[in-house]
Amino acid sequence: MRDFDYAAPTTLADAVTLLSRGNGAARPLAGGTDLIDHVRTGRLAPDTVVDIKKIAELNVLEAGPTGLRLGAAVPCYRVYGHAAIVSDYSALADSGHIIGGVQIQSRASFGGNVCNSGPAADSTPSLIALGAMCVIAGPKGTREVPAEEFCTGPGKNVLQPGELLVEFRMPAPAKNSGSHYRRFIPRNEMDIAVVSVAASVTLDDAKQKIIAARISLGAVAPKPLLATDAAAVLIGQSPTDDVLAKAADAARKIATPITDMRGTAEYRTHLVGVLVTRVVQAAVTRAKGEKLDYRPGH
Amino acid sequence: MRQHALVNHRRPKNEDRTLIGLPVAERQGYLQRIRTMATSEKRKYKVIGTRPIRHDGVDKVTGRAQYGADVRLTGMLHGVVLRSPHAHAKIKSIDTSAAAALPGVRAIVTSADFPDQVGRIVELGEGAVNMRHLSANVMAHDKALYKGHAVAAVAADSIHIAEEAAKLIKVDYEPLPPVMEVIGAMRDDAPVLNDDVRMTEMGTVKPDAKASNVAAKFLFTKGDVNAGFAKADIIIEREFRTATVHQGYIEPHNATVLWNADGKVTVWISTQGTFSVRQQTAELVGIPVSDVKVIPMEIGGGFGGKISVYLPPVAAILSRKTGKPVQLLMDRAAVFEATGPTPGSFMRVKVGATRDGKIVAGDAWIAFEAGAFPGSPIAPGCMCVFSCYDIPDARVEGYDVCVNKPRSNAYRAPGSTQVAFAMETVVDEICEKLGVDAAEFRIKNAAKEGTRRVDGPVYNRIGMLETVEAIRDSEHYQSKLTGPNRGRGIATGFWFNAGLKSAVVATVNLDGTVSLIEGSTDIGGSRTGIAMQLAETLGITAEAVKPQVADTDSIGYTDVTGGSRVTFATGIAAVNAAKEIQQQMVERAALLWEVDASTVKYDDGKIIGPASKSFTFAELAAKIHEVGGAIIGHGTSSAAEQGGAFGTHCVDVEVDPDTGKVQILRYTIAQDAGTAIHPSYVEGQMQGGVVQGIGWALNEEYFYDDKGVMRNATFLDYRIPTCYDVPMIETIIVEVPDPAHPYGVRGVGEVPICPPPAAIANAIHAAVGVRMRDLPMSPPKVCAAILQK
Amino acid sequence: MCHWLCQCLGVRSKKDEEHWQSQWHTGNRERHDLLRIMATIRQIQKAPTMSKKRVVSTTINGNATEFLCEPRQTLLEVLRSVLNMTGTKEGCTNGNCGSCTVLLNGRPVTSCLVLAVEADGASVRTIEGVACGSHLDPVQQCFLEGAALQCGICTPGFIMQTEALLEQNGHPTEADVRFHLAGNLCRCTGYDKIVRSVLAAAELKRCEATT
Amino acid sequence: MATVYIPPALRDLTGGVETVEATGHTVRAILADLEPRYPGLTARLCTDDVLRPGLMVAVAGSMSKLGLRTPVPENAEVHFLPALGGG
């Protein structure tokens, strides 16, 4: 592996200083499950690796009346092991559970996953569907960016040199709401999404009609998408087959997938419809407070 | 400390407890539950058929077992192989000066460092190899013939320095158009990979033959195929394709080599065959075989892919240049891009049957991708395609074709899985059209003792029929499968099983145990299977035998661990060694008793003399030195040929009609094991073969881009099954003893991989009504087939 | 020699190089040396700066352990090549096979994707620390008796991953086991006997806990 | 009298005939018996007095590693086949 220096700052200020000083050649290390592989294969060539796991702000995990704070370096296992996330921000738990195997989940973080900015990242659609804001610290202070605006293309995002993603903030869930994330993969685990969909829905008091919805699509465009039109189709409607089919159609319209070893563009577009239908249905089931019968990969 | 608390907790509380801290009775209960075989099994033998703990087991569950990559030698250097980024390119020049100047770099090799090889064909026990091609595969000469082809290698003080140095080697390539697919490669206008390859047929090249990618043609006929089809009421003819797949062993290739100052070369390696490595290495570096000693380390899977050498000759030259031991380890990408695979194929199979369900004729046309150099398993492919059935008139034509992919290698029943996929799917379609039960149809047409194969010979006693009957009568096949998009399929497969040569030496110890030295490297527990046959013959326990795999200087010539041959052939050698020991024990007892040896006999672990005199084996072992030296039994086997192995599989699948994804719900395999020596490891071979077959059926494939670069050379994107993808694999061991083995053993390792793709294709058809004829049957393909229905 | 000389002279940059060039006598022998030295300097300048080795203090299998490593060395590399603990196996070096699984502060990780420097202050448990002296752990015992291994290369990883599972879930179902072990690849067994052995080990551990 | 199966690729020498009868107690003797009747057969099957690389002989249903020395029992079948390897 290429040689590099290693630093493990304990304060956000030190981390920002180290990252700024590197002039682009310093890379933050959270779980390292992508970074170390990328350095080994030569896709990344940092001179300095800045381990950010010892910084308190990046390890925050708090759910309260004002919402959820999820530190960028919190590993997946803590996400799906958190009772409030499982019940109120279920899509996040769904994502965390299928990022790599259990060993990867011991280390990989949502922050790292989002910052790698892969179009097929498993955490990004859930964060988008749940309306997450990304809190970014940098040499010029702190700023916030909505999750759907964070990624700008394959491997690209809004972070400027010296900037660091600190945490995600999500609003507290409304009454009668539920969320779900699911991806399609050829195996049942240990795979990269061919297509992925996250959805969060809120039902009316009678738990019949959808009054709010957010849908996000992964692996069908240069970056994860917020499917505004597909969500709009659902508003004021009961989730009938017909309504779900219309939402699926709307989602398919914004998909611009590529053909690669994981699937053809046509197949991916087809899967968008299949998954939107299934994922919205699942989110509705959860919004009703019913148990979702779901095994990852099946 | 938490660690200490755990440790204390585990300490057994008193002496009555067994190793695992449980009373014996309770422990037996667990064992019963772990072990899957019915307790009512009838027992013909004392040791054979039991399930002793393997002799190398504790080392392997504690991390103490030493594999090839675990070798640590004083002064050892670390090497890296530079590999071609192009699938097909002329190598115009290689400049190693910048790499050589990097501090810590000790030596660099290119093909210029290897002796020239003429195109001599060398017999390697399990097959013949053209040495020029083998040498050019180990280190590319004037052309790189696949992405990942070795071009140069560096040895340095650390692996990191070696990696940096490899990047500094400048290779000037002239890229050529890659030839990636078998049918295209056969065309007259296709770029030709090797200018020394011409089509041979039965060892003969036509005088006017041009250089070609088609390296060999095979033709087999039986009877009059046209007359046969004329009798048919139904004829099904279909075309099939299968993708290139890899053996997928978890341990990457490795070699550590010391070229000593006295000219002797020692190789530490994980290999399927030490003697094969010895010969290949000696030939490729140009020294006598007796100057090479190969020390077998534990091997982390092979499945046919760890027979050919890649690294030992390279490490040997690096060691010669530096005077130090050199270790070369492949990374996973190199394993995928430069080793393995089994060929992709194109096949056309035509079968005719009568209305009453009798197969009357078969015709097959098969082309396999050999990879960069000739040598695909096209011959066995041709010989296996109709091997499960008694077909009066048949014809098979096959071609071995070079393409810009890694040089193909044996993979578990090489060639047979591809053709079973084609044949067994056609058979299923005939059953569907005729409206007959798939098991009954196979029973009616089964090959049996006396059936003449299309390649000519007549079968001895085989168990094809019995495996189909076992599936037909199984609870699984008899049960009703319910639910939408679910279907059941069956398929049968055949493999020859090899005999070849083995040697063992067994020495009686004074405490009544026997040390057993063998040359067969142990990939899956064969040490124990061999020890059990020795124990059975001597009438002692399996635990009383201490088996060990020895290096090439310490044991007689032994062919590779492959061809499902070890339990069979090395087992025969062990039985022969045991018989020698019996004889010597009888002679010693006679001396001790001062009687004539003709009055003493060896019976079931006892030595019995006149007048009620007797010794147990251990009693006599303690006294042998009173009347002589060590008792050593030698055993070899060479002439015996195995009868074939058959297996029939039954699978239930559920297809997601919206995505095309296939889930395996239930799987049962019935296989003829002749006699199962250690049933757990027989089941293990069956289960392992099935799951490899499931991977081949559903998701495994080399995915190439238009430049001939493999895009999925990782375990993330080359998708072998995980445990979350498969159910328990139910096993039915059928025992039709092989008359060629003293205990009736048949090899079990290979044939279980053959039927799964066809069985799953047939189940998919039953579930959603589409016929899949292209492997892998990955979700996009199944989905497309459903949408086109 | 050249490398050593450069280090002695402190030659790290173009400026240094020019300085020494002007200072050096240019007799034949010296010129030859100088050319070699300059070639080496160019290599050093091209190659990334060698980082200093770090001292890392860990607890490995209950024993306080210090080692020296470069930042680029993974925990897997240090275990195998610095500490000679070769029980942890390498299968893919990108976290997809699970052969190199160890427990880091009690959590299972693929040690090929952990920098050794990250283990500073951490506790590491490897396959070498699973048995207690000559007494096998129930997981090891059940793998052995259940014939859950053939070639054995994946076995240390499976055992570590099973240890992690059974510490957090003493009553796993077959589905739990299969999901939890999905990050560990085995190419030999078809997983049947591994899954059975894990279930048996869970039962055995429960039984041990009550006796 | 043994029955020798002529591989399809060599049947140009036997006028298309699939099986021929021959006498001899070894494969070498069998070929010697056939050569006068089918000139060139030995050269197509052998090189330097051994079977060509990649070829094997099967006698009475068993593949033999003894090549031309393989004993041929009375009334046995003799087949010339490609050599096989396993995984």
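Colleague: How much of chain A is buried?

Modeller: Chain A is built with 12 helices and 14 strands. Among its contacts with a separation of 6 or more, 60% are between residues 24 or more positions apart. Buried means under 20% relative accessible area, and of the 298 residues in chain A the buried share is 58%.

Colleague: Which strands stand at the edges of the open sheet of four strands in chain A?

Modeller: The order of this sheet is β11-β12-β13-β14 in chain A, and the pairing is antiparallel. An edge strand has a single partner strand, so one side of it is left without a neighbour in the sheet. The strands placed this way are β11 (177-184) and β14 (225-226) of chain A.

Colleague: Which residue is the bridge partner of A:L217 in β14(A)?

Modeller: Strand β13 (residues 210-218) of chain A pairs with β14(A) in the antiparallel sense, over two bridges. In β14(A), the partner of A:L217 is A:L225.

Colleague: Which helix packs on this sheet of chain A, touching β11, β12 and β13?

Modeller: The helix touches β11, β12 (195-203) and β13 of chain A. Its direction makes about 150° with that of β11(A). It spans residues 265-287 of chain A and is helix α12.

Colleague: Is A:M261 buried, partly exposed or exposed, and which residues is it in contact with beyond its neighbours in sequence?

Modeller: A:M261 is found in the loop between α11 (241-254) and α12 of chain A. Its relative accessible area is 23%, which makes A:M261 partly exposed. Leaving aside neighbours within four places in sequence, its contacts are with B:F703, B:R711, B:N712 and B:D717.

Colleague: Which pair of chains has the most contacts?

Modeller: Four pairs of chains touch. Chain A and chain D have no contact, with closest C-alpha atoms 26 Å apart. Chain C and chain D do not touch either, their nearest C-alpha atoms being 13 Å apart. Among the pairs that touch, the most contacts are between chains B and C.

Colleague: Where in chain B is the pLDDT below 50, with 41 contacts beyond near neighbours in sequence?

Modeller: The mean pLDDT of chain B is 94, and 95% of its residues reach 70 or more. Where pLDDT is low, the predicted coordinates should not be read in detail. One stretch under 50 is residues 33-40 of chain B, with 18 contacts beyond four places in sequence. The stretch with 41 contacts is residues 1-25 of chain B.

Colleague: Which residues of β13(B) are buried on each face?

Modeller: In a regular strand the side chains alternate between the two faces of the sheet. Strand β13 (residues 254-259) of chain B is mostly covered, with six of its six residues buried. One side holds B:N254, B:T256 and B:L258, and the other holds B:A255, B:V257 and B:W259.

Colleague: Which residue in the hairpin of β13(B) and β14(B) takes a positive phi?

Modeller: β13(B) pairs with strand β14 (residues 265-269) of chain B in the antiparallel sense over four bridges, and B:L258 has B:T266 as its bridge partner. β13(B) is also joined by four bridges to β16 (residues 326-329) of chain B, again antiparallel, where B:V257 stands opposite B:V326. The hairpin has five residues between the strands, and the residue with a phi near 85° is B:G263.

Colleague: Which strands are at the edges of the seven-stranded open sheet of chain B?

Modeller: The order is β10-β9-β11-β19-β18-β17-β12 in chain B, with mixed pairing. Each edge strand pairs on one side only, and these are β10 (204-205) and β12 (234-242) of chain B.

Terms used
Residues numbered from 1 in each chain as written. Chains lettered and ligands numbered in written order. Predicted model: local features only at pLDDT ≥ 70, side-chain atom pairs only at ≥ 80, totals over all residues. Heavy atoms only, no water. Buried < 20%, exposed > 50% of the residue type's maximum accessible area, 1.4 Å probe, protein only. Pairing = 2+ DSSP bridges. pLDDT = per-residue confidence, 0-100. Contact = heavy atoms within 4.5 Å. Axes fitted to C-alpha atoms, helices over the stretch in contact; angles between N-to-C directions.
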